[in-house]
Amino acid sequence: MQRKWNSLRATPWFPAVLLILVQMTSGMRDMPQFAFFLIYLQEQLGLTPAMISGVVAGAQIAGMAAALLGGAITARLGSKWVLACGLALAGLSSLVFQTHWLWLVALLWLVSGAGSALVTVGGASYLTRLSDRGALGILSALYVLSMTVGGAIGNPIAGVLIEQRGFGAFGWAAMALTAVAVLVVTLLMAHLRDHATEPAPLRSFWSSALSATRRTKGRLLIGMRCLPTIFYGMLTVLIPLLINSLSGSKVTVAAYGTTTLIVASGAQLLAGRTADRWGGRRPTLVAYAAIILAGLGLAASAGTVWGLFVFGVLGTAAAWSLSTLMYVWVADGIPKAEHPSTFGLLHAVWSLSMISGSVLGGWFVHSMPGLPFLIAGLLNVSSFLLTFAYYGSSD
């Protein structure tokens, strides 16, 4: 039995399977936990929407800071241990359901925001190190989709558990999932070393975090990640609100969410497979074209349910595809030693872009709902130029 187990661990696909399972386990905890955390703050602590937004925004800011430092931390500890530490810190958020002290709830959620950023940096850098270029596209798609699958499994279980046992029982169950994920990473996942990477001294954390901006390709990646995320941030705020306002039907809103999940998941798999076969540039350009088309379509049909539905699904599918292709971009143009700092920077860019898109969309949701879609869609015309420059640059 021991011989068979050692043989299994020696297979090239075993670390990838473990990473995907860990990501799925995190999704089973994180996706339902975030939704029910907002309800917990409102129902159990009596917080106003403004106070709830402040707690959530604080965690995002903590995550941005941790992501910028994630590259230097990964250089010292390695991707495996950054992933394990991030999972443990993010898992502390489940303790919020055991307390009614607002200061402790806010502190735990801030710490978990930093932990989630470390999970992103550690998992992404581990992913690009364990895969050869020929399979990175489909592996990236499976890695991203595993979070969605985990959420689809965890949401109904969490709802039943909270209804029957309360928030406290759900919090302990989420902690148990965290323990499982940390144990899998600690005991089973291989410690991948990049011998070209020298551990960075603690005093150089900040410069290491921003090292990706010194390269031309690093600066191009910032734009390639930022512009579609601004558009996606608008979609997440505006589309459900506008569909509900026009149709007055929660069923229609739910149908939009379900359709988006199915189509966008399929688009991610297609983008990954296409990148493996023809390279990252072609599917990237197609996804940007889809975002521009979606922006124009939403601007023209913001007053109709069918237009919001069709072009909203198209835009979300394109944005999700680009999230998968991001791993291919980094692998195609950035030295492996700089992957952790690059992923940390891109996570911070993603956070700022999501906030920008959500705020801009909220300003215009009732006055001119089509205008932000038009602006954000046309912004991605620049993404074509950035993509050609990225794949044509030698730096």
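Guide: Let's start where the chain leaves helix H6: just after that helix, Gly166 takes a positive phi of about 100 degrees. Keep in mind that this is a predicted model. Now back up along H6 itself, residues 136–165. With its 30 residues, H6 reaches 42 Å from first C-alpha to last, close to the 44 Å expected at 1.5 Å a residue. There's a kink on the way, though: H6 bends by about 25 degrees at Gly154, and a proline, Pro156, follows within four residues.

From there, on to the packing. The largest nonpolar core has 60 residues, and Trp329 and Phe373 touch the most other members. Helix H9, residues 216–247, supplies the largest share of this core, with 12 residues. Zoom in on Phe373 and, leaving aside residues up to four places away in sequence, you'll find it touching Phe231, Met234, Leu235, Leu238, Ile239 and Leu242, along with Gly295, Leu298 and Ala299. Apart from that core lies another one, of 19 residues, including Phe37, Val96, Phe97 and Val105.

One last stop, the cysteines. The structure holds zero disulfides. Cys85 has a relative accessible area of 37%, so it counts as partly exposed. Cys226, at 22%, is partly exposed too, because the cut-off for buried is under 20%.

Key: Residues are numbered from 1 along each chain as its sequence is written. This is a predicted model: local features need pLDDT of at least 70, side-chain atom pairs count only at pLDDT 80 or more; totals for chains, interfaces and linings use all residues. Side-chain values use heavy atoms; hydrogens and water are left out. A nonpolar core is a set of buried Ala, Val, Leu, Ile, Met, Phe, Trp, Tyr and Cys residues joined through side-chain atoms within 4.5 Å. Buried means under 20% relative accessible area, exposed over 50%, partly exposed in between (1.4 Å probe, protein chains only). Helices (H or I, at least four residues) and strands (E, at least two) are DSSP runs, numbered from the N terminus. Contact means heavy atoms within 4.5 Å. The expected span of a helix is 1.5 Å times one less than its number of residues. The bend at a residue is the angle between axes fitted to the seven residues ending there and the seven starting there. A disulfide is a pair of cysteine sulfur atoms within 2.5 Å.
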